[in-house]
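Subject: Structure handover

Hello,

Here is the structure I said I would pass on. My notes on it follow below.

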Amino acid sequence: MAGILSSTTTPIFGAFLGSKTLSTKRPFHVKLSAQSSETPIAASTSVSTKEEPSTSSGPSFSPPPNFRPPQPKPFSVRPDKNLDILGGSLALIFRLGTGVFVSGYSASFVPKNEIPPSQYALEIAGFKVKETSKLGPRPEKPIEIYEFESCPFCRKVREIVAILDLDVLYYPCPKNGPNFRPKVVEMGGKRQFPYMVDPNTGVAMYESDEIIKYLVGKYGDGNVPIMLSLGLLTTLTEGFAMIGRMGKGSSYTPSKMPLNPLEIWAYEASPFCKVVREILVELELPHILRSCARGSPKRQVLYEKAGHFQAPYLEDPNTGVQMFESAEIVEYLKATYAL
């Protein structure tokens with residue numbers, strides 16, 4: 001997840017006016033749609049690619065030659081990715097599942113016919129799992145966070161994002177990244193991460209613990225979850241959680257800047273989502289994260305949208321690609337955006 005900044009949107013889809021004058025010399029060509037994830041979405045029956053007219057000047061993007069989105073394969077790991085997923089799964093142990101469930105999560109088994117086929121639900125042994133949650137006020141615009149994957153302080157903020165079920169526009173700041181690290185210094189005066197801007201209130205701040213307190217106060221019940229309130233122990237376990245993927249998602253890989261932010265349906269505790277986030281950060285690709293931990297109502301939104309729920313799910317407005325499967329998403333991102 002301070003200074004006070006204006007919430008006026010500019011063509012930099014994240015530069016703000018405030019008490020400090022920000023430099024406008026560095027051009028960006030990425031545009032943000034302010035559409036909320038809670039807006040009803042027309043149903044689709046499969047992953048697809050689709051042509052969309054470009055509305056911005058700049059480089060054009062297209063899927064790799066002969067690209068076909070893979071069919072989703074629930075609960076499976078591609079054999080060559082076993083170690084990646086195993087390494088990403090260590091967080092579930094060290095962080096005791098923090099970020100798996102949204103705030104106020106509860107679940108119960110009900111007869112299969114009690115939940116209609118059009119509603120997302122896990123089915124186990126002839127029963128379905130009815131999941132509910134208690135979420136706070138919803139921000140109209142996505143929270144904006146500048147951070148990088150391998151930072152334990154950034155992970156703390158990503159966990160509260162999952163718990164509060166917030167949509168976030170992430171500006172990746174890998175080491176040596178040419179775009180968003182300098183922008184943080186221009187806005188806040190320090191090269192420190194994470195850095196949060198809330199365009200709904202104009203608030204901007206550093207310090208992970210302060211960001212967490214702000215987010216739970218504004219968009220939650222005001223209570224910081226126990227696993228995020230243990231001080232040094234929280235930070236240490238956040239670091240241990242990333243041992244299995246040490247160094248991933250930290251250094252810049254030269255890339256082409258997209259015209260529009262990518263969208264990823266994911267949540268912090270999933271190792272499948274983690275490997276995709278790592279490459280998004282390394283390529284410095286701005287992306288809107290549609291948070292969808294267990295209990296999130298956005299699981300139903302994606303279920304209606306794609307005819308299936310599985311995370312991660314990528315939507316690339318620059319090419320029209322929509323796809324499941326983490327390993328193939330990583331390969332697609334490298335082929336499309338890496339130089």
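In helix H2, the residues Pro-152, Phe-153, Arg-155, Lys-156 and Glu-159 are in contact with Thr-234, Thr-235, Glu-238, Gly-239 and Ala-241 of helix H5 (contact means heavy atoms within 4.5 Å). By type, the residues of this contact are 3 nonpolar, 3 polar and 4 charged; Ala, Val, Leu, Ile, Met, Phe, Trp, Tyr, Cys and Pro count as nonpolar, Asp, Glu, Lys and Arg as charged, and the others, Gly among them, as polar.

This is a predicted model, in which local features need pLDDT of at least 70 and side-chain atom pairs count only at pLDDT 80 or more, while totals for chains, interfaces and linings use all residues. Residues are numbered from 1 along each chain as its sequence is written, and side-chain values use heavy atoms, with hydrogens and water left out.

Helices (H or I, at least four residues) and strands (E, at least two) are DSSP runs, numbered from the N terminus. H2 covers residues 152–164 and H5 covers residues 232–241; their axes are 9 Å apart, at an angle of about 95°. Axes are lines fitted to C-alpha atoms, for helices over the stretch in contact, and angles run from 0 to 180 degrees between N-to-C directions. H2 and H5 are therefore roughly perpendicular (65 to 115 degrees; under 35 counts as roughly parallel, over 145 as roughly antiparallel and the rest as oblique).

Thr-235 belongs to H5 and is buried, at 17% relative accessibility. Buried means under 20% relative accessible area, exposed over 50%, and partly exposed in between (1.4 Å probe, protein chains only). Leaving out residues up to four places away in sequence, Thr-235 touches Pro-152, Phe-153 and Lys-156.

Phe-272, Val-275, Val-276, Ile-279 and Leu-280 of H6 meet Ser-326, Ile-329, Val-330, Leu-333 and Lys-334 of H8. The residues of this contact divide into 8 nonpolar, 1 polar and 1 charged.

Next, the strands. Strand E6 (residues 143–147) has 5 of its 5 residues buried, so it is largely enclosed by the rest of the structure. Ile-143, Ile-145 and Glu-147 lie on one side, with Glu-144 and Tyr-146 on the other. E6 pairs in the parallel sense with strand E7 (residues 167–172) over 5 bridges; two strands pair if DSSP finds at least two bridges between them. The bridge partner of Ile-145 in E7 is Tyr-170.

For strand E10 (residues 262–266), 5 of the 5 residues are buried, so this strand too is largely enclosed. Leu-262, Ile-264 and Ala-266 are on one side, and Glu-263 and Trp-265 on the other. E10 and strand E11 (residues 287–291) run parallel, joined by 5 bridges, and Ile-264 stands opposite Leu-289 in E11.

There is also an open sheet of 3 strands, in the order E3-E5-E4, with antiparallel pairing. E3 (106–111) and E4 (123–124) are at the edges with a single partner strand each, so one side of each has no neighbour in the sheet. E4 is joined to E5 (residues 127–132) by 2 bridges, and Glu-123 has Lys-128 as its bridge partner in E5.

Regards
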